Amino acid sequence: FLGGDIDHTHLVKGLDYALYEKNRQDMLKLQAEERLKQEKEAQKSVEPAVIRSIIGRAIHHVLFSKADSVMTRKNELFLPGRMTYQFNLDTEWNTSQDLPTVINRSSEDCPQLPE
């Protein structure tokens, strides 16, 4: 291997960088193996959760169930184009009109989304 090993190196310019990269890759492999080993041990030691309340069951269901089984609801307040902002662009500097006016349109006036 280019660069040799740590015991028999001369630290020749360029070769020391190759040795550094080799040692770094070896260290990353060892860290990845240790992480996998720790994850396997953690999976073995996990006990099923005891859920006592209805709200706790609902939260557990939302967080840990598969995405297909969780019911998703559309909130009609956040349809595209439902909320708009109107800015006063007069040339006068009126400090009372710094904030835009919020305009909420009815859901029938909003553009229809393809489903």
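The following paragraphs describe the predicted model of a single protein chain, from its overall layout to selected residues.

The protein chain has 115 residues, of which 5% are buried. Its secondary structure consists of 2 helices and 2 strands, arranged in the order α-α-β-β from the N terminus. The accessible surface amounts to about 11,400 Å², and carbon and sulfur atoms account for 57% of that area. When contacts between residues at least 6 apart in sequence are considered, 21% of them link residues at least 24 apart.

Confidence in the prediction was examined for the chain and for its elements. The mean pLDDT of the protein chain is 77, with 71% of the residues at 70 or more. Among the elements, the highest mean pLDDT, 87, belongs to α2, and the lowest, 85, to β1. Where pLDDT is low, the predicted coordinates should not be read in detail.

Helix α1 spans residues 15-45 and contains both E21 and R24. These two residues are 3 positions apart, which corresponds to about one turn of the helix. Their side chains form a salt bridge, with an N to O distance of 3.6 Å. The structure holds 1 salt bridge in total. E21 counts as partly exposed because its relative accessibility is 24%. R24 is also classed as partly exposed, at 35% relative accessibility.

Helix α2 covers residues 54-64 and includes L63. With a relative accessibility of 56%, L63 lies above the 50% cut-off and therefore counts as exposed. L63 belongs to a nonpolar patch on the surface, together with I55, I59, V62 and F64.

The side chain of R82 approaches the backbone oxygen of R105 at a distance of 2.5 Å. Apart from neighbours within four places in sequence, the contacts of R82 comprise E76 and L77 on one side of the sequence, and I103, N104, R105, S106, S107 and C110 on the other.

Strand β1, residues 83-86, includes M83. M83 has a relative accessible area of 39% and is therefore partly exposed. Once neighbours within four places in sequence are set aside, M83 is in contact with V102, I103 and N104. I103 and N104 are also found among the contacts of R82. The C-alpha atoms of M83 and S106 are 9.2 Å from each other, and the two residues are separated by 23 positions along the chain. S106 is itself one of the residues in contact with R82.

Note on methods:
Residues numbered from 1 in each chain as written. Predicted model: local features only at pLDDT ≥ 70, side-chain atom pairs only at ≥ 80, totals over all residues. Heavy atoms only, no water. Patch = residues over 30% accessible without salt bridge, like charges linked within 9 Å, V, L, I, M, F, W, Y side chains within 5 Å. Areas by Shrake-Rupley, 256 points an atom, 1.4 Å probe, with all protein chains shown as cover. Salt bridge = Lys/Arg side-chain N within 4 Å of Asp/Glu carboxyl O. Helix = DSSP H or I, 4+ residues; strand = E, 2+ residues; numbered from the N terminus. Buried < 20%, exposed > 50% of the residue type's maximum accessible area, 1.4 Å probe, protein only. Contact = heavy atoms within 4.5 Å. pLDDT = per-residue confidence, 0-100. Polar contact = N/O pair within 3.5 Å; in protein donor to acceptor, adjacent residues only side chain to side chain.
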